[in-house]
Each structure stands twice: as C-alpha cells, then as structure tokens.
Amino acid sequence: MRQDIELEAIIEDYLNGKLTPEEHAAFEQLRSKDQMVDHKVVAHKVFLESMNQYASIVKLKEQMDAAHSHIDVASLTEELKPHPSKLVRLWRNNRSAVAIAASFVLLALVSLYSIQNNNKQAGTFEAMSQDMAQIKRSQSGLIRDIKSIKTDSKSNNSESRPRFGGSGFAISGNGYIVTNYHVVRGADSIHVQNGKGSYKVQSIYTDPVNDIAILKINDKSFENLPSLPYTIKKGASSLGESVFTLGFPKDDIVLGDGYVSSKNGINGDTLAYQVAIPVNPGNSGGPLLDNNGNIVGIINGKENKTDGATFAVKSKYIMEALNAIPQDSLSRRVAYGKKSMLRGLKRDKQVEKMQDYVFMIKVYNNN
Amino acid sequence: MSIKISSSLPTDREVVLGILNNSVEALNKLYVAYFPMVLQFILNNNGDEDDAKDVYQEAIIVLYNKVKSGSFELSSKLKTYIYSVSRRIWLKKLAQHSKKTSNIADFEDVLIVEEDMEQHEQKDMQFDKMKEALESLGEPCKTIIEDFYINNQSMQDICEKFGYTNADNAKTQKYKCLQRLKKLFFQS
C-alpha cells in the first residue's frame with residue numbers, strides 16, 4: 001500500500017516532468033523492466049490528460065458563467081426574440097437580403113432619375129439667336145440703355161429695329177454667308193454687319209433639318225472680300241480637340257474658347273457636336289474652328305441647364321448646303337479639306353485675320 | 001451591473017492571442033461580444049435563453065480547443081466561426097429532441113465545421129465521462145480530487161482544509177480516492 005502510494009506519486013511527477021534527470025533515467029529503466037509499472041504509467045497518462053482537459057473546461061465554464069452574469073440576458077431576450085409581427089421577423093431574418101434589395105431599388109431610382117434628367121435635355125435645348133423683341137418688351141434697365149443707344153444712332157437708320165440677332169460667316173469672297181436657319185426663320189428683312197459696314201442680304205437657301213441657312217449680300221456698297229483665311233474641315237473632329245468660336249452675343253465680336261466635349265449633340269443627335277464653350281444668345285450661326293483654322297461646325301444652341309454644353313452643327317452639313325447652291329455663283333468659295341491660312345498662327349493673329357469674315361446677323365420682322 | 005454590449009468588439013487577432021495567453025479579459029470581451037448573436041439564433045429557432053447559454057458556451061469551448069491545439073487559422077471571421085459552430089450544436093440538439101430542423105432562420109454566413117465538431121464530440125465524451133466519474137465518487141473524495149487537480153492546491157492545503165492529522169494521511173486518502181476515480185473513469 002505504502003509502496004503503491006509512492007509509485008503513484010513518482011508516476012505523477014514523472015508525467016509532469018518534475019523528476020530530476022537522474023530520477024527520470026532511473027524511472028525509465030524501471031518502466032522498461034516492469035510491465036506493471038509501464039501499464040500504470042500509460043493509464044495514468046491518459047487519466048491525467050482527461051483530467052487536465054476536464055479541469056480546463058471547468059475553469060473556462062466558470063469564467064464564462066462570470067462573464068454571462070454581466071450580460072442583461074432578459075432585456076436582450078426581449079429584444080431578440082421572434083417578433084409577433086411577421087413583417088418584423090421577416091426583416092430580421094432577411095436583413096442582409098433586404099439591405100441588398102434596398103440598395104438595388106436605390107440604384108434603380110438613381111439611374112431612373114438620371115435618365116429622366118437626360119430626357120429633360122430635349123426640352124432645355126435653347127437656340128442661341130438673340131431674341132431682341134423679348135428683351136425689348138422687358139422693363140429692365142439694361143434694355144433702356146440699349147434703347148437710348150439705339151435712339152442715338154437711329155437718325156440715319158430705318159424705322160424698324162432688329163428683332164433677332166445672330167452670327168454668321170462668309171463662305172465665299174463675293175458675299176455668301178452661312179448662319180443658322182433658326183436665326184433667319186420668318187425674317188422679313190435681314191442685314192449683316194462686320195467691321196467694315198452693314199449690308200442687306202437675301203436668304204437664298206435654308207435647311208431646317210440641319211439648321212443651316214445661306215445668305216447672299218445684296219448690297220452695292222459691299223466690296224468683295226479677299227480670299228477666305230479659313231477652310232472647312234473634311235473629317236470629324238475628335239473628342240478633346242480644342243476649338244474656338246467668334247460671334248456677336250453683343251455689338252462687338254466675342255471670342256469663345258473650349259474643346260469638343262462629345263461627338264454627338266443633345267440626345268445623341270449625330271448632326272451636331274457638343275463643345276465646352278460658354279455661349280450666349282447671339283452666338284448662333286458663329287463659326288466653330290479648330291486650332292488650325294478649319295471650320296468644324298456652326299454654333300447653334302446650348303443646353304440651358306448645364307453651363308458650357310454648347311452644340312454645333314457639324315461641318316460636313318455646311319458642305320452639303322454649299323453643294324446645294326449653284327456653284328458658279330460662288331466666286332472664291334471656301335476651300336474644303338485644304339490647309340487653312342490660319343494654320344500655325346497664334347490665336348490673336350487668327351482672330352485678327354478672320355474677324356472681317358464673321359458677321360452679325362440682324363433680322364427684322366415687321367409683324 | 002452590466003457590460004455594454006458590442007461597445008468594443010475585440011479584434012479576432014486579439015481574441016486568439018488572448019486565448020493562447022489564458023487571458024480572462026479576452027474571454028470576457030469575446031463572450032460579451034458574440035452572445036447576442038447566438039441568443040438571437042437560438043430564440044428564433046425554438047430555443048430559450050438557457051439553451052443559448054449552453055450552446056454558446058459549448059461553441060466557445062470548441063473555439064478554445066481549436067485555438068489551443070494550434071490548428072486554428074483565421075481564414076474566416078471569428079464571428080462566423082462561432083456562429084457556425086453554435087448553429088451546428090443547436091441543430092444537433094434539436095435533432096436529438098426530434099424537433100424539426102428544417103426552416104432554420106439564419107442571421108449570419110455559415111461555415112462547414114463538421115471536422116471540428118467530430119473532434120469536439122470526442123472530447124466532450126471524455127469530459128462527460130470524467131464528470132460522471134467525479135459525481136459518483138462522492139465526498140470527500142470529489143472535493144479532494146478537484147482541489148488537487150483542478151484548483152491546483154497543494155497536499156498541504158488539502159491536509160489543512162480537511163483536518164487530517166498529517167500529510168501522509170492526506171496522501172493516503174487522496175490515493176484511495178484517485179484509485180476509485182480511475183476505476184470509475186476507465187470502466188465507464
């Protein structure tokens with residue numbers, strides 16, 4: 001009995017690694033000699049492992065019970081138990097699915113909204129002819145200024161005042177001018193004006209689809225222009241190409257500078273480019289040129305909700321219009337797809353060279 | 001007094017290191033952090049808060065054993081692991097009580113934890129065996145063994161606690177108890 005107790009103690013120390021190296025070696029020897037001792041060691045080892053495992057779990061449970069006592073289980077249960085309402089239960093059980101569905105709905109709404117906004121563009125396209133009649137009817141001080149200026153210069157002028165204004169540019173030396181159809185639509189008489197003088201013109205060709213009109217100066221005081229400095233561009237302009245325009249949103253010529261921002265116009269209109277140039281009423285019909293002095297389009301409108309979204313009729317439709325009028329009537333007509341004289345010049349020189357070829361269009365309407 | 005729930009979720013790394021270092025604080029944080037999740041699962045699947053406590057504690061034991069065995073890799077979120085193990089344990093309990101286990105309402109992603117559960121079930125059997133053996137050991141043996149092996153008290157302490165006249169008597173008593181316990185443990 002006493003021996004057994006000692007043996008048990010030694011086995012336990014042996015298994016726990018508490019024996020000195022000498023004792024350990026001696027015990028190993030005993031173990032290999034005595035089957036009975038070896039059996040006891042193995043059995044005790046299994047037992048001790050189980051006991052240790054048991055002990056650690058019991059301790060862990062004690063600690064967890066301590067942690068558990070800190071949790072307000074009752075109120076949590078109240079909060080988390082299945083809700084009597086099916087809807088709430090459905091929400092809780094499918095929270096993530098509902099969240100995903102909700103985000104899809106949100107996404108759909110956003111895209112719907114943006115599509116709607118796109119559609120709105122159609123309604124907000126604003127032709128850039130200057131509606132002077134409307135301005136005249138309004139009571140603002142600015143208009144009174146115009147009136148007083150008008151009365152000063154009125155003395156030698158005709159009785160009627162222009163009701164619409166726009167811009168245009170020469171396409172031949174002998175006085176053919178291109179502008180927008182919407183500028184001259186419904187006109188009783190049209191005058192054009194450049195740095196040299198004001199001339200009466202006649203509309204000889206209109207193309208409402210492409211919004212192009214060709215006017216012919218019909219005035220004895222008009223002297224033929226020297227050969228045109230610009231040419232008409234043959235190909236399409238690429239996105240990002242820098243462009244500029246000259247026009248008459250006011251009585252002086254105004255330069256607008258920007259770039260081609262989209263290959264199509266409003267609502268994917270393939271007849272037009274979208275360009276990022278700020279324009280104002282009066283810019284309609286003005287030429288749109290690239291850096292090399294090639295005409296790439298005619299400014300014809302803008303989107304009134306977005307700043308700097310301006311539209312320009314593509315140059316190839318100018319050529320189509322030109323081809324529609326008798327060719328022998330055009331002397332020194334604009335070159336098509338050739339090198340322009342403006343190529344390589346700085347912007348100020350380009351403007352200087354071409355400003356006599358850009359006209360203010362004044363439309364009179366007696367009604 | 002109550003600890004604010006989920007006021008500070010411990011990071012998974014923090015928990016694993018805490019388990020390896022036997023940190024009580026880490027266990028407390030871990031326990032408080034994910035209990036509501038398991039409680040919600042059990043409450044919504046035919047259980048009550050006591051079931052939730054049992055299942056959750058068992059799941060944490062599984063986690064502890066896995067981490068301590070060194071085979072735990074943070075390939076998934078700890079939260080997901082605990083949820084999956086708790087779910088598996090609860091499904092088994094439901095099946096044992098022949099309650100329906102279809103239509104389980106889930107609140108988290110579920111991992112496949114079969115392998116871990118098999119290992120756990122083996123260990124759990126050992127645990128139950130030991131527990132039963134200790135229960136049937138009777139007093140004072142049970143307390144002596146528990147004090148010595150679980151609470152790591154010295155024979156001297158035990159001797160004083162039980163009023164044995166000398167350490168040898170205590171040792172003899174412990175030996176007798178241990179022999180009986182071993183017998184009970186290995187025979188069951």
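What pattern does chain B follow when read along the sequence? In this predicted model, chain B follows the pattern α-α-α-α-α-α-α-α, with eight helices and zero strands.

**Confidence in chain B**
- The mean pLDDT of chain B is 82, and 93% of its residues reach 70 or more.
- Over residues 1–7 of chain B, however, the pLDDT is below 50, and this stretch has 10 contacts in the model beyond near neighbours in sequence.
- Where pLDDT is low, the predicted coordinates should not be read in detail.
- Confidence in chain B is lowest in helix H7 (residues 155–162), with a mean of 81, and highest in helix H3 (residues 49–68), with 89.

- Chain B has 188 residues, of which 32% are buried, and among its contacts with a separation of 6 or more, 62% are between residues 24 or more positions apart.
- In helix H1 (residues 12–20) of chain B, the residues B:Val15, B:Val16 and B:Ile19 are buried, and they lie on the same side of H1(B) because they cover an arc of only 95 degrees around the axis.
- An α-helix has 3.6 residues a turn, so residues three or four places apart point the same way.
- The buried residues of H1(B) pack against H2, H3 and helix H4 (78–96) of chain B.

**Loops of chain B**
- B:Asn22, which follows H1(B), lies in the loop between H1 and H2 of chain B, and has a positive phi of about 55 degrees although it is not a glycine.
- B:Asn22 counts as partly exposed because 14 other C-beta atoms lie within 10 Å, a number between the limits of 12 or fewer for exposed and 20 or more for buried.
- B:Asn46, in the loop between H2 and H3 of chain B, also is a residue other than glycine with a positive phi, near 65 degrees, and with 18 C-beta neighbours inside 10 Å it is partly exposed.
- A cis peptide bond, with omega about 0 degrees, joins B:Glu139 and B:Pro140, and B:Pro140 is found in the loop between H5 and H6 of chain B.

**Contact between the chains**
- The contact takes 32 residues from chain B and 27 residues from chain A.
- On the side of chain B that touches chain A, at least two residues each come from helix H2 (24–43), H3, helix H5 (114–137), helix H6 (141–150) and helix H8 (167–187), and the largest share, 10 residues, comes from H2(B).
- The residues on this side of chain B divide into 20 nonpolar, seven polar and five charged.

**Nonpolar cores and chain A**
- The largest nonpolar core has 55 residues, of which A:Ile177, A:Val184, A:Val192, A:Leu288 and A:Ala312 touch the most other members.
- Not counting residues up to four places away in sequence, A:Val184 touches A:Thr179, A:Ile190, A:Ser203, A:Ala213, A:Leu215, A:Ile361 and A:Val363.
- A second, separate core of 51 residues includes B:Ala52, B:Tyr56, B:Ala133 and B:Ala170.
- An unreviewed UniProt entry annotates residues 96–115 of chain A as "transmembrane region"; in the model this span is 100% helix and 0% strand, and its end C-alpha atoms lie 28 Å apart.

Terms used
Residues are numbered from 1 along each chain as its sequence is written. Chains are lettered from A and ligands numbered from 1 in the order in which they are written. This is a predicted model: local features need pLDDT of at least 70, side-chain atom pairs count only at pLDDT 80 or more; totals for chains, interfaces and linings use all residues. UniProt positions are given in the numbering used here, feature names are shortened, and annotations may be inferred rather than shown by experiment. Helices (H or I, at least four residues) and strands (E, at least two) are DSSP runs, numbered from the N terminus. pLDDT is the predictor's confidence in each residue, from 0 to 100. Two residues are in contact if their C-beta atoms, placed from the backbone, lie within 7 Å. Ala, Val, Leu, Ile, Met, Phe, Trp, Tyr, Cys and Pro count as nonpolar, Asp, Glu, Lys and Arg as charged, and the others, Gly among them, as polar. The arc is that of the directions from the helix axis to the C-beta atoms. A nonpolar core is a set of buried Ala, Val, Leu, Ile, Met, Phe, Trp, Tyr and Cys residues joined through C-beta atoms within 7 Å.
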